[in-house]
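This briefing goes through a single structure by topic.

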Amino acid sequence: MAGLLPPTPQGIPHQMPPGVPRLVSRWGNNPVGVFSASWTLLTWTSMWAALLGDPALRPPEERNLVRAVFEGPSDMDHPLFSIEQSATEFKAALVADLRITHGAYPHDEEFRALMGEVMSESEEFRELWSAPALGSRLGGRKRLRHPLVGEMSLDNDVLKVPDHDVRIVTYTAEPGTPDEEKLECLRVAAAQTALPLSG
């Protein structure tokens with residue numbers, strides 16, 4: 001009211017509100033992962049591990065999606081890149097979302113260090129960061145390749161929890177389709193053994 005801007009939050013929250021873990025536990029039959037605003041994976045379901053590889057097999061610093069995408073394996077090998085959405089589109093959407101985080105948390109030292117690291121390591125990231133941003137479209141219909149069940153089409157949704165600024169990422173299959181059957185196969189396999197799928 002006095003013409004002053006509201007205070008800027010200093011750090012990116014890495015704590016989930018109590019309702020999010022309860023929600024994730026109810027969605028345990030689906031691949032669900034919860035990320036901070038810097039795209040660090042906070043928690044996940046066993047089906048997430050079965051679909052995309054078990055994050056528990058990686059050290060905590062490698063559970064950041066930005067590092068995985070821009071400093072990790074080649075495009076064709078990365079499990080988060082679908083067949084229908086090209087790696088370039090995926091990366092552009094991720095960078096667009098990172099712009100939002102940068103504006104919301106300009107004083108977060110850990111995030112600034114992450115951005116500096118990726119800037120220095122990835123020319124592609126530098127180019128995407130300097131390009132005009134058209135918005136973030138990380139979700140949508142995606143066809144994924146899986147080493148156990150092959151190709152499947154899944155609906156990928158990214159839900160944001162504004163007050164705590166976390167992203168809930170889900171993969172679901174249309175009921176009554178072969179894709180649902182393939183997810184069920186992964187569900188059975190995940191229940192029988194922890195699948196050490198590489199990313």
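**Sheet and aromatic contacts**

V32 stands opposite T170, a residue of strand 5. The model is a predicted one. Strand 1 and strand 5 (residues 166-172) run antiparallel and are joined by four bridges.

- Five strands form an open sheet with antiparallel pairing, in the order 2-1-5-4-3.
- The edges are held by strand 2 (41-44) and strand 3 (140-146); each has a single partner strand, so one side of each is left without a neighbour in the sheet.
- From one strand to the next, the twist averages 30 degrees.
- Helix 7 (residues 178-192) packs on the sheet, where it touches strand 3, strand 4 (150-161) and strand 5.
- The direction of helix 7 makes about 80 degrees with that of strand 4.

**Aromatic pairs**

- The structure contains five aromatic pairs.
- One of them joins F35 and W39, with 5.0 Å from centre to centre and 50 degrees between the planes, and this pair is tilted.
- Both F35 and W39 are buried.
- Why is the pair of F35 and W48 edge-to-face? The ring centres are 5.8 Å apart and the planes stand at 65 degrees; edge-to-face applies because this angle is over 60 degrees.
- The pair of F35 and W48 links distant parts of the chain, since F35 belongs to strand 1 (residues 32-35) and W48 to helix 2 (residues 46-52), 13 residues apart.
- Ring pairs bring F35, W39, W48 and Y171 together in a cluster.

**Charge over a ring**

- Which residue lies over the face of W129? R99 does, at 5.2 Å from the ring centre.

**Loop residue P106**

- The loop between helix 4 (87-104) and helix 5 (109-121) contains P106.
- Relative accessibility for P106 is 28%, so P106 counts as partly exposed: the value falls between the 20% limit for buried and the 50% limit for exposed.
- P106 and Q10 are 96 residues apart in sequence, while their C-alpha atoms are 7.6 Å apart in space.

Key
Residues numbered from 1 in each chain as written. Predicted model: local features only at pLDDT ≥ 70, side-chain atom pairs only at ≥ 80, totals over all residues. Heavy atoms only, no water. Phe/Tyr/Trp six-rings, centres within 6.5 Å; stacked < 30°, edge-to-face > 60°. Buried < 20%, exposed > 50% of the residue type's maximum accessible area, 1.4 Å probe, protein only. Helix = DSSP H or I, 4+ residues; strand = E, 2+ residues; numbered from the N terminus. Lys NZ or Arg CZ within 6 Å of the ring centre and 35° of its normal. Pairing = 2+ DSSP bridges. Axes fitted to C-alpha atoms, helices over the stretch in contact; angles between N-to-C directions. Contact = heavy atoms within 4.5 Å.
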